[in-house]
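Reader: I am new to this structure. Please take one part and walk me through it closely, then show me how a few other places are packed.

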Amino acid sequence: MPTASPQNTGESSELAAAGDGAGAPAGAAGPPKTEAQLKKEQEREAKRQAKLEKLRLKQEKQAKQQAEKPAKSAAKEKKEKSEKVSATYEFPTPPGEKKDVSGPLPDAYSPAYVEAAWYQWWEKQGFFKPEYGRKSLKDPNPKGTFMICIPPPNVTGSLHVGHALTNAVEDALTRWHRMRGEMTLWNPGCDHAGIATQVVVEKKLWREQKLSRHDLGREKFVEQVWKWKNEKGDRIYNQIRLMGSSVDWDRACFTMEPKLANAVQEAFIRMHQDGTIYRSNRLVNWSCTLKSAISDIEVDKRELPGRTLLFVPGYVEKVEFGVLVYFAYKVEGSDEELIVATTRIETMLGDTAVAVHPDDARFKHLHGKRVVHPFRSCTLPIVCDEFVDMNFGTGAVKITPAHDPNDYEVGKRHDLEFLTMISDEGNITDVCEQFKGMKRFDARKAVLAALKEKGLYKETKDNPMVVPVCSRSKDIVEPLLKPQWYVDCTDMAKQAVAAVEEGQLKIIPDMHIKTWNNWLTNIRQWCISRQLWWGHRIPCYFITVDDASIPAGDNVDNNYWVSARSEAEALQIAAERFKVPAEKISLKQDEDVLDTWFSSAIFPFSIFGWPNQTEDLEVFYPGTLLETGHDILFFWVARMVMFAFKLTDKLPFKEVYLHAMVRDAHGRKMSKSLGNVIDPIDIIQGITLENLHKLLENSNLDPREINKAKEGQTADYPNGIPECGTDALRFALCAYTAQGRDINLDVQRVQGYRFFCNKLWNATKFALKAIGDDFTPLAEFKLSGSETHMDRWILSKLAGTVKVCEDGWPTYDFPGITTRIHAFWLYDLCDVYLESIKPVLRGSDTAALATTRQVLYTCLDVALRLISPFMPFLTEELFQRLPRRTANEPLSICVTPYPETCEHPWYSEQIEAEVSLVQDIVGKARSMRADYNLTKQKADMYLRCTDQAVADTLSLYESLISTLSSASAVHCLVGTAPPSGCAMATVSDKCEVHLLLKGLVDTEKEISKLAQRIEKLEVQRNKLQQATMVPDYATKVPQAVQDSNKEKMSQTENEVQKLQDAMEMFRKVSGDN
């Protein structure tokens, strides 16, 4: 027998000590033992052996438990892993064939399983085409026509959250209109994205072949772009399919395809020939890296609080911004200095004047005088102009007309010289030999040093400012003077403003009308030239006449430019214009291409073949709705309206719905450098934190910002992003879309809707089992009179939900619709009705069962159709497993009629009020059960009512109350006191809930437990009080900490009060006993 080690347990130590007296060494001296003593020793030894045996058994048990622990842990881990593995659809289904739904539903909702195969089937069946279900597009449809075109994403792009929101909202609207029976078209398309695409292909060429586009030449480079587009350009379309978007793919358009290119050419020619488009030498946003003008939307305005060092492409060291440099010009013919201030000191090389305010008394004596330029050996005039802010800087402003928008206007007003001192590449021109050829920001340092050397530098101060950054190249945008093509938007803008004012065009939310009017009434001329090779080449030719009597033309002289559909046509027009034979004319087409936004501006009608009078143009133009983000209200929406008026004399659509911007869960703008940019595909399919980090490492993010971005990802997604599925993401994005508010997208909320999908899944599984395989729904459901109160209640809630949806869709009330549908499924159907009918399903009343089944089927059928525009995949999967009312039902839920109020006349305010009271009672009862720790015990419930009418109403729901609140029995009382030993809670002024606790709880034990909890809380409260009593607490402790302590104190006191109330109730129950 093994012996126990004294170090193991207290028990073994005790046993070891007990054996010390019994094992004396042999031969030890001592008196002989009496019989009684020997007997006593034998008894003691027997006890010792019994204890040792007990200890042995205990140790064996512990060893066995330790041995079993890893096995149990492994089994538990295996079980957890098996639970986390989502089901996948593995039936062999050829693309476009209908999904096999003959098997049982998997145990749990799986996005991967649900979303498989359906889209290809929808597409092959032609459900998304306006021709579906009709012989001709021109056949009259009393339901009307709904047409919307997609905001064309860039061909280079991949799906981002903004696209996901656009697709979720537009597809929900499209599916709703289609289900209403309207002839519906959602026209897809893709933008050629001039700058973005050219940059991508140029980088690819250099990476793979070490060639530039100039090495290839224009024609071969454009061939390479088309090759890239044909190989990679479908990526964004495939992602749109992944979102479930029900667009008509047969009508998909690409802005560079012949049909749209022809429309672009025609639009330019018409507007050029009537003078709307003209040539002019003006300031443009110039990217020195791209060597092209860029649009305002491609300029990121970075706000700086003061002195800031920024990385600029092409520079090793950071460049200083956010400062105001003061320097002096010497007044000609005197020792006086005129001090000016500038944020771009290098541009003083191109100064051609100094401006002061005519009313500024400090400079009255300098009116009409000149200052000396320190580096150009010339003098500059001092001009008076009211644009000068007398309180900014020194009140004197250096004027660089060729490099600043405000200075440009001053230069025009005072007929100043426009001196270009920065080249297309961003280098200093030959305006000043000392700095010629320097990179512009290297010249910034050199000019400053030279001014100091001449004693003209005064000081440098911090200056909050906005720095324009090219969104494509991250270069600092340079205002440069360039001969370009411009659109005169003045008259078109007036029409666009009038259209909204007169109600022809509706902008939703109307808060954006102010922005619309402000932009359009202060509209500037639109520069449409881009110095690129990829894009719509401008169909304009410069004319050279071989005739001495005709002077050579200037590049900005519009008379020497001709637009035409072909060079032959241009030659004919030029010869007629200058009245010379065609052979004396030579033409050169403009090398530039059009701004991408130009082709986007005619998208609503170019997609239908304009200027040709096609059937699609006749049927679908003007469209119904334009839906997009409010950030491109001017860049795209306004231009579409202006161009539609100009070229078609019609509005392109009747309504504009502008959704909000998507931010992260903390309300921050999404930025790669913050690590908070969320790829919708990662939300749909899930992604680990490790793979999120890998995406950053493989991105074009500056290596110096990757660690910061990783920290942001780790903070927001410590466990990665869980698989949520397309339906949950769509539903979440639409639920977020409250008019006029930005969306703070929290992945946890999206995951919450994924759990909601699982709730729908389980509810439908339960319902299908409840109605049975042999169930046949009525061809048309009508109330039979045999429905229970709960049947009529759920039908009333269903009818109310239909009404909310019917009212919400036309007003774009997505939060209202989604909230109501969510509440119906989760709280009305699952939490209440399905629980209430369980006794019926278990019972033997076949008539009641038949009625309940018809009601349950109706709820499923209608509720699935209500939510289908938001959750197309899940609803199709479940809808296909429902039996049909008739043999001629539509093939898919997406072409099944959307529920209408007139078909569901079951709303009852009275029944809803009654069940609302019942739900309040059940809520109070459940709360009391939790307070008094009634986990399994069922207590009698007494409802004490103030009048007989309330009691009579509640008596109708006794069975329901008993079921939902786990009561053993429910008794309605009027004028009678409940028995002693009850706990009470007030429901309303007309009803109290009394639970009979007598015999169910050990009141003394519960009071003791509550006292212990109160004691612990009192300790916490005392510590908080002591913390607030330290000297200078109010002045030295941060306010946030004070607020936190105050909140903790309040919570502790409330919890103590609640526990004390519970103790008092237990004492009362004990006293009643």
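Author: Strand β22 covers residues 540–545, and it pairs with β24 in the antiparallel sense. Five bridges join the two strands. This is a predicted model.

Look along that pairing for Ile543. Opposite Ile543 stands Leu587, a residue of β24.

Now widen the view to the sheet. Three strands form it, and the sheet is open. The order is β23-β22-β24, with antiparallel pairing. The edges are β23, residues 561–563, and β24, residues 585–589. Each of these edge strands pairs on one side only. Neighbouring strands are turned against each other by 35 degrees on average, direction ignored. In general, the strands of a sheet pair through backbone hydrogen bonds.

Two helices lie across these strands. Helix α10 spans residues 258–273 and lies across β22 and β23. Its direction is at about 135 degrees to β23. Helix α15 spans residues 567–578 and lies across β22, β23 and β24. Helix α15 runs at about 130 degrees to β24.

Start with Trp176, which sits in helix α5, residues 161–179. Is Trp176 buried or exposed? Trp176 counts as buried because its relative accessibility is 7%, and the cut-off for buried is under 20%. Which residues does Trp176 touch, leaving out those up to four places away in sequence? They are Trp809, Pro810, Pro869 and Tyr898.

Move on to Thr764. This residue belongs to helix α24, residues 747–771. Thr764 has a relative accessible area of 0%, so it is buried. Setting aside neighbours within four places in sequence, Thr764 is in contact with Trp825, Leu860 and Leu878.

Leu878 is one of the buried residues of α29. The helix covers residues 872–879. How many of its eight residues are buried? Eight of the eight are, so α29 is largely enclosed by the rest of the structure. Pro872, Phe873, Leu874 and Thr875 are among them. Glu876, Glu877 and Phe879 are buried as well.

Conventions
Residues numbered from 1 in each chain as written. Predicted model: local features only at pLDDT ≥ 70, side-chain atom pairs only at ≥ 80, totals over all residues. Heavy atoms only, no water. Pairing = 2+ DSSP bridges. Helix = DSSP H or I, 4+ residues; strand = E, 2+ residues; numbered from the N terminus. Axes fitted to C-alpha atoms, helices over the stretch in contact; angles between N-to-C directions. Contact = heavy atoms within 4.5 Å. Buried < 20%, exposed > 50% of the residue type's maximum accessible area, 1.4 Å probe, protein only.
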